[in-house]
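Dear colleague,

I am passing on the structure we spoke of, and below it you will find some notes on what came out of it. Please read them with the model open beside you.

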Amino acid sequence: MERRKFLGMGAGLLAVAAATPSAVFATNYREKLPKVWKIKNDEKAKGEDMKGVNEAIKAIFGSDKVEEGKIKLKAPDIAENGAVVPVTFQAEGAKKIALMQTADPEAVVAIFDVPERGIPNYSVRIKMQQTGHVVVVAEIDGKLYKADKVVKVTVGGCGG
Amino acid sequence: MRIKAKSKGDKTEVKVMMKHPMLSYREAKKKGKEANFIVYVTAKNEGALVYEVSTSQFLSKNPYMKFYFKGGKKGEEVEITWVDLKGKTKTGKAKIK
C-alpha cells in the first residue's frame with residue numbers, strides 16, 4: 001500500500017476512537033443501590049460485627065463468596081485521630097472495588113467503578129468512630145477478593 | 001478544590017483535596033444542621049472518564065483522594081467533579097505537569 005494511503009487510514013481510525021465516549025457506563029451507586037448505604041453495623045460490638053459488611057458485599061457484588069489475596073491494603077495499625085484515617089488499596093485487574101468498615105453506624109464507605117483507563121490504586125481518608133476492621137473487596141475476572149485490616153482508634157471521629 | 005496532576009510515564013497521578021464539610025447524619029444532628037456530604041466523584045482526562053467513585057458520609061471532612069489513570073500527557077487537562085447529597089455539584093480543572 002502506498003505510504004500516504006496507509007497514513008491516511010491511521011488518521012481515520014484515530015478519529016473514530018476519539019469520538020467514542022468511554023463514559024458510557026458511568027454508575028452513581030447512590031442512585032443504583034440506594035439501600036446499600038443504609039446497611040448498619042452493630043456499634044455495640046466494638047468493631048467486631050462483620051454482618052453489615054457481609055450484607056453490603058452481597059448487595060454490591062451479588063455474592064458473598066470471597067477469597068483472600070490479590071489486594072494490597074494499607075491502613076495504620078493505630079489511628080490517633082479517628083476523623084482522618086488514611087487508607088490506600090490496590091487490586092490489579094479490578095473492575096469494581098468496595099471500601100467498608102465495621103467502626104461506624106453504617107458499613108459502606110465508597111464504591112469504585114474502574115473505567116477503561118482507570119488504574120485500581122486508590123487513596124482516601126475515612127472516619128472511624130472506634131476501633132474496627134477496614135475491609136476492601138474487589139471484583140477481578142469475575143471473582144471476589146477481600147482484604148481486611150484492623151485499625152485501632154484512640155480518639156473516635158464520627159461525631160459519636 | 002486543589003488538584004495536582006503529575007505525569008508518571010505511561011500513567012498520570014492525581015491528588016485532589018475537595019472542600020466540603022462532610023457532615024454525617026450523626027454529626028449534623030449534634031450541630032442542629034442538615035446532613036450533607038459528597039456522594040459521587042468523577043474525573044476526566046480530555047473528555048474520557050478515568051475515575052469514578054460513589055461515596056458515603058464516612059469520608060473525612062474536606063476529602064482527599066489520590067488516584068492514577070493510564071495515559072495522560074503534560075499539558076492535558078484533568079477535570080474533577082463532585083456531587084453532594086443535596087445535589088450541588090462542583091468542578092475543578094488542572095493541567096497535567
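A residue is called buried here if 20 or more other C-beta atoms lie within 10 Å of its own, exposed if 12 or fewer do, and partly exposed in between, with the C-beta atoms placed from the backbone. By that rule, 41% of the 160 residues in chain A are buried.

This is a predicted model, in which local features need pLDDT of at least 70 and side-chain atom pairs count only at pLDDT 80 or more, while totals for chains, interfaces and linings use all residues. Residues are numbered from 1 along each chain as its sequence is written, and chains are lettered from A and ligands numbered from 1 in the order in which they are written.

Chain A holds three helices and nine strands, where helices (H or I, at least four residues) and strands (E, at least two) are DSSP runs numbered from the N terminus. Read from that end, the order is α-α-α-β-β-β-β-β-β-β-β-β. Two residues are in contact if their C-beta atoms, placed from the backbone, lie within 7 Å; of the contacts in chain A between residues at least 6 apart in sequence, 69% join residues at least 24 apart.

Strands are said to pair if DSSP finds at least two bridges between them. In chain A, S2 (residues 72–74) pairs with S4 (residues 85–90) in the antiparallel sense over three bridges, and A:Lys72 has A:Gln90 as its bridge partner in S4(A). S4(A) also pairs with S7 (residues 118–126) of chain A, again antiparallel, over six bridges, with A:Thr88 opposite A:Ser123.

As for the interface, 29 residues of chain B are in contact with 32 residues of chain A. On the chain B side, the largest share, eight residues, comes from S4(B). That side divides into 15 nonpolar (Ala, Val, Leu, Ile, Met, Phe, Trp, Tyr, Cys and Pro), seven charged (Asp, Glu, Lys and Arg) and seven polar residues (the others, Gly among them).

Two backbone angles deserve a look, because most residues other than glycine have a negative phi. A:Lys46, in the loop between H2 (29–32) and H3 (51–61) of chain A, has a phi near 55 degrees and is exposed, with 12 other C-beta atoms within 10 Å. B:Glu46, in the loop between S3 (38–45) and S4 (48–55) of chain B, has a positive phi of about 50 degrees and is partly exposed, with 14 C-beta neighbours inside 10 Å.

With best wishes
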